[in-house]
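Biologist: I have not looked at this structure before. Please take me through it in questions and answers.

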Amino acid sequence: MRNDPHRSDVNRTGGSPLTLAGNHPDDLDTWLCITDLHDRPLHLGRSRRTANTDQRLALFATDHGCTFPGCTAPATRTQVHHVTDWADGGTTDIEYLTYACDRHHRQIHTGPLGWATTTAPPGHRYAGRTLWHPPALADPTREGRVNHHFHPGDLLRDPDPDPGSS
Ligand SMILES: [Zn+2]
């Protein structure tokens with residue numbers, strides 16, 4: 001084990017491991033998810049367009065549900081979305097994937113009423129989380145917003161996490 005190169009990679013680059021369990025007593029399988037320092041694992045680059053099972057499980061651990069601000073759709077009612085669209089060169093890397101429900105997935109486009117998504121960069125107060133940028137007609141600043149519904153700790157740390165938004 002000491003000379004196992006994969007273990008060395010985990011020790012060198014791994015973040016915090018976490019376990020997941022289902023909500024139903026019959027599906028209490030435990031999963032091990034090894035993440036990077038931003039709790040985001042697994043990179044597939046351009047080798048594959050669709051997210052694999054491990055990436056979907058990792059998103060369950062981090063996103064919990066649709067990432068659109070205020071949306072309450074659970075993970076079971078979402079699709080995996082490329083934060084940078086696949087057609088625009090997006091990659092199937094965990095830090096550029098997110099959950100979006102059907103309704104909000106359809107709202108991501110380049111038209112005048114379209115929303116855009118990005119990943120909050122290091123140093124941002126929600127680093128690694130998906131930022132949703134409203135259409136310029138609704139908010140000329142297009143400032144990115146996150147979904148606090150599945151992250152109630154956001155509101156405990158900062159009672160006004162999104163100044164300027166309603
Ligand atoms: Zn949604």
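Modeller: Two residues are in contact if their C-beta atoms, placed from the backbone, lie within 7 Å. This is a predicted model, in which local features need pLDDT of at least 70, side-chain atom pairs count only at pLDDT 80 or more, and totals for chains, interfaces and linings use all residues. Residues are numbered from 1 along each chain as its sequence is written.

Biologist: Among contacts in the protein chain with a separation of 6 or more, what share comes from residues 24 or more positions apart?

Modeller: The count takes contacts with a separation of 6 or more in the protein chain. Within that set, residues 24 or more positions apart account for 45%.

Biologist: Which element has the lowest mean pLDDT?

Modeller: pLDDT is the predictor's confidence in each residue, from 0 to 100. The chain has a mean of 80, with 71% of its residues at 70 or more. Over residues 1-25 the pLDDT is below 50, although this stretch has 28 contacts in the model beyond near neighbours in sequence. Helix 3 (residues 102-105) has the highest mean among the elements, 98, and the lowest, 41, belongs to helix 1 (residues 5-13).

Biologist: Where do the buried residues of helix 2 lie, seen down its axis?

Modeller: A residue is buried if 20 or more other C-beta atoms lie within 10 Å of its own, exposed if 12 or fewer, and partly exposed in between. In helix 2 (residues 53-62) the buried ones are Gln55, Ala58, Leu59 and Thr62. Their directions from the helix axis to the C-beta atoms fall within an arc of 100°, so they line one face of the helix.

Biologist: Why does Trp115 count as buried?

Modeller: Trp115 sits in the loop between helix 3 and strand 5. Leaving aside neighbours within four places in sequence, its contacts are Gln107, Ile108, Trp132, His133, Pro134 and Pro135. Trp115 counts as buried because its C-beta neighbours inside 10 Å number 21.

Biologist: Which residue of strand 6 stands opposite Thr119?

Modeller: Two strands pair if DSSP finds at least two bridges between them. Strand 5 (residues 116-119) and strand 6 (residues 130-133) pair in the antiparallel sense over four bridges. Thr119 is on the covered face of strand 5 with Thr117. The residue opposite Thr119 is Thr130.

Biologist: Is His64 buried or partly exposed?

Modeller: His64 lies in the loop between helix 2 and strand 3 (78-82). Its phi is near 70°, a positive value in a residue other than glycine. Since 16 other C-beta atoms are within 10 Å, His64 is partly exposed.

Conventions:
Helices (H or I, at least four residues) and strands (E, at least two) are DSSP runs, numbered from the N terminus.
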